[in-house]
Amino acid sequence: MAQHQPTPEHAPPTEPFPPIEPYAHGLLEAGDGQQVYWEACGNPDGKPALVVHGGPGSGCKPGNRQLFDPARYRVVLFDQRGCGRSLPHAADPATSLEHNTTEHLIADMELLREHLGIDRWLLYGGSWGSTLILAYAERHPERVSEIVINGVTMTRPEETDWLYRGVGRFLPGPWEAFRDALPEPERHGDLVAAYNRRLNSPDAATRTAAARDWCAWEDAVIAHEVLGKPGQYSDRPSEALQAFVRITAHYFAHDAWLEDGALLRDAHRLAGIPGTLIHGRLDLGSPLRTAWQLAAAWPDAELVIVEDSGHTGSPALRRAVLSAIARYAERP
């Protein structure tokens, strides 16, 4: 494990590239009645890269296009099942999440790669995107050229328990509000599972309240981050918010359908894939320990610790991401 700031041969960019529009986009028929939105930006003949968004259920953000030099990268973004511009949308309570699991998303990524005629691609993402990147790369290491992760998670039960219970010791008031928004009999068990049930209630008011209370807690966890954006989670259009919370609770209530510790156990499958793991030391919701463990188990990864950053990032963290992506553009 290397722990240092990356030192590319050429000075890396310090600010994002100018906004750019896709040169191609579409809806990929993924089976199970699912249509996955994708878009491609930059240079059609450039180095392929895939942006894997977080959440789960956040949808891809146009700003991620600007992390890549458009002259050197062919950047692909996609909205995971049920969110963003993918169909059917999880905000509709009639949309079943039965066919929305980690296995389905891995298959969608492979289908998209084949659809676009890409042999190997760089993977970039963070938070939940980190978990999905690792799951995909361990399944298909021959299809991954490099990995850049911003905010390392593996969605282990201990990480989910920390985010929705353990970290409450630092935020007792907001955490009690999160807990007490549930009916009394459900306050002493699995809170994520209880919210997941309410987010799938036939009653619209129950679903709306659960989504609002969930996001209030998520916002509280990052409220201490002076560089963060207030209302990071709750400041979304109502349909996007409902889909985000419903999908997130669905995945976390099922431990992302991953065997506990499997991603760390199988990190040896990443051997030969250069990786840069970038993590804020002040990330309260996703503590540094997870990134540290992964870097120790993955010999080809370097760990970049950003001292002033929490989960929502900082200018220094953004520069580290830009630097890593620029450096990997040099590799064939």
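First, the ground rules. This is a predicted model, where local features need pLDDT of at least 70, side-chain atom pairs count only at pLDDT 80 or more, and totals for chains, interfaces and linings use all residues. Residues are numbered from 1 along each chain as its sequence is written, and side-chain values use heavy atoms, with hydrogens and water left out.

Start with helix 5, residues 191-199. Helices here are DSSP runs of H or I, at least four residues; strands are runs of E, at least two; both are numbered from the N terminus. Seven of the nine residues in helix 5 are buried. Buried means under 20% relative accessible area, exposed over 50%, partly exposed in between, with a 1.4 Å probe and protein chains only. Tyr 195 is one of the buried residues.

Now the rings. Phe, Tyr and Trp rings (six-membered ring for Trp) pair if their centres lie within 6.5 Å; planes under 30 degrees apart are stacked, over 60 edge-to-face, the rest tilted. The whole structure has 13 aromatic pairs. Take Phe 68 and Tyr 124: centres 6.2 Å apart, planes at 75°, so edge-to-face. Phe 68 is buried, at 1% relative accessibility. Tyr 124 is buried too, at 6%. Next, Phe 178 and Tyr 195: centres 4.6 Å apart, planes at 5°, so stacked. Phe 178 sits in helix 4, Tyr 195 in helix 5, 17 residues apart.
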